[in-house]
Amino acid sequence: MNAIKSLSCRECGRVYPAEALHVCDFCFGPLEVAYDYEQIASSTTRETIAAGPRSVWRYGPLLPGGPAGGLDEETGLTPLVKADRLGAELGLKSLWLKNDTVNPTGSFKDRVVSVALSVARELGFSAVACASTGNLANAVAAHSARAGFRSYVFIPHDLEMAKVATTAIYGGNLISVEGNYDDVNRLCAELTSEHPDWAFVNVNLRPYYAEGSKSLAFEVAEQLGWEVPDHVVVPVASGSQLTKIAKGFEELYRVGLLADEPAVRISGAQALGCSPVADAFKSGADAIRPVKPQTIAKSLAIGNPADGWYALETVRKSGGVLEAVSDGEIVEGMKLLARTEGIFAETAGGVTIAVLEKLAASGVVKPGERVVAFVTGNGLKTVEAVAGHVQPTVTIPPSMDAFAAAMPAAASR
Amino acid sequence: MNAIVRIPSQLRELTDGQGEVSLSGATVGEVLKELDATYHGIGERIFDGSGGLRRFVNVFLADEDVRFMEGLDTPVEDGQVISIIPAVAGGS
């Protein structure tokens, strides 16, 4: 596997071979991929990246499964949109949106799955599995169909209809579990012990899978002309994406692709109905107390977040904050983003934008900062969330008179 | 009370390869201490220095996280299943 040396425990440092392992046998700490950064630095330049594929695999040397193993060439390198109209409403002069709604299955999960399935193939697996709140389910089902893996996707039974249909259509096994995501996740963690022949992308392949989120940071830096923003706002579910974005910026510096050591403030966004990490941030606690989620932002509804502690630590060290917003604010955030920038994001995007709005209003996000907000999923997946909140302006019979009567200002010109 | 304890693959080298073992105790903590007494070495894996659960160990009684109940003091009924599960899994 290219420049991957081994896996090592983030807590106690014990070293393991680069196989399908996710926790330290001794202390149960998470295993992380250890790279040979010197080798990467000696062979990777801004030019080699620019000459690479127009996908996450342009950063292959810094991802497991790359550079040769990349399964698909469509994931990633999504637009970094300069959001001047939204910025003007929020009083921010330099706001960008990382628009991951346009990935192949409509969320950032294509990134992590592209990496995980590339590794699954390298390790010789023929079956893949996952526990998902929907976006990961979409990505695993679709990429498995394309790559020819058997798939077993486990979801909570109360997911949005669109996320169920857009998983089931790919024809793999879809197991709807009568419980919430944390129940599904526990079941999958137990199944992993009995099914070492399955590549559970977010369990036994988690060290590799999670690395895919670094590509968000790689792309943002490249798209900003190899500079980093001052402040990023990232949605928090398990907390993995946030910690990996931070790691991505650090690695770019480490291998010589950034001139200066990055100092990016990293802020996290949660829904009030599931805010265990934001709660810990506000109370100053060092432990994450699990909660029972109750929010329309189902893709963020992880009450017992695996990387919650690391996300908390990353935010605190960076000088960022964690903030949470209500379901009503989430819908308003979705509408604001669509109205100002023409981007229809799922509920998690509403969480991010609503938190950004709150932080801009309170001065935590400063007007002159270069800010990037991560919009990580497509609104077509969670149409139910806005169904009662948006409707036609008017409904009329098909006649000129009716239009003139209903919309006099538009009709009179 | 007799409880069934499900052992994750990471600890099975200490239980002679068994994925489930039957043990007694009135609370979750007592059952887990009995587990350590029977299969020596498990205690240092799942407990921290002060006798609490390590940060990355989750324990479930009848599929419910014991942190939503009384933690290690949660009473155990006869025949209930206790699962020890690595905390680091998942990601939406």
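**Model and confidence**

The model is predicted. Its scores are ipTM 0.87 and pTM 0.95. Chain B has a mean pLDDT of 93. In that chain, 98% of the residues reach 70 or more. Where pLDDT is low, the predicted coordinates should not be read in detail.

**Where the chains meet**

Chain A brings 33 residues into contact with 22 residues of chain B. On the chain A side, the elements giving two or more residues are helix H5 (135-147), helix H7 (181-194) and helix H8 (206-211). H7(A) supplies the largest share, 6 residues. By class, the chain A side divides into 17 nonpolar, 12 polar and 4 charged residues.

H7(A) also has a clear place against chain B. The helix lies across strand S1 (2-6), S3 and S5 of chain B. H7(A) runs at about 85° to S5(B).

**A helix pair in chain A**

H5(A) packs with helix H6 (residues 161-168) of chain A. Their axes are 8 Å apart, and the angle is about 15°. That angle makes H5(A) roughly parallel to H6(A). The crossing of the two helices is left-handed.

Which residues meet here? From H5(A) come Ala137(A), Asn138(A) and Ala141(A). From H6(A) come Lys163(A), Thr166(A) and Thr167(A). The contact of H5(A) with H6(A) has 2 nonpolar, 3 polar and 1 charged residues.

**The sheet of chain B**

Chain B holds an open sheet of 5 strands. Their order is S2-S1-S5-S3-S4, and the pairing is mixed. Which strands stand at the edges? They are strand S2 (20-24) and strand S4 (64-65) of chain B. Each has a single partner strand, so one side of each is left without a neighbour in the sheet.

Strands of a sheet pair through backbone hydrogen bonds, either parallel or antiparallel. Strand S3 (residues 57-61) and strand S5 (residues 81-86) of chain B pair in the antiparallel sense, over 5 bridges. Within this chain, Val59(B) has Ile84(B) in S5(B) as its bridge partner.

Helix H1 (residues 28-38) of chain B lies across S1, S2, S3 and S5 of chain B. H1(B) runs at about 115° to S2(B).

**Helices across the sheet**

Terms used:
Residues numbered from 1 in each chain as written. Chains lettered and ligands numbered in written order. Predicted model: local features only at pLDDT ≥ 70, side-chain atom pairs only at ≥ 80, totals over all residues. Contact = placed C-beta atoms within 7 Å. Helix = DSSP H or I, 4+ residues; strand = E, 2+ residues; numbered from the N terminus. Nonpolar A, V, L, I, M, F, W, Y, C, P; charged D, E, K, R; others polar. Axes fitted to C-alpha atoms, helices over the stretch in contact; angles between N-to-C directions. Parallel < 35°, antiparallel > 145°, perpendicular 65-115°, else oblique. Left-handed = near helix turned anticlockwise from the far one by under 90°. Pairing = 2+ DSSP bridges. pLDDT = per-residue confidence, 0-100.
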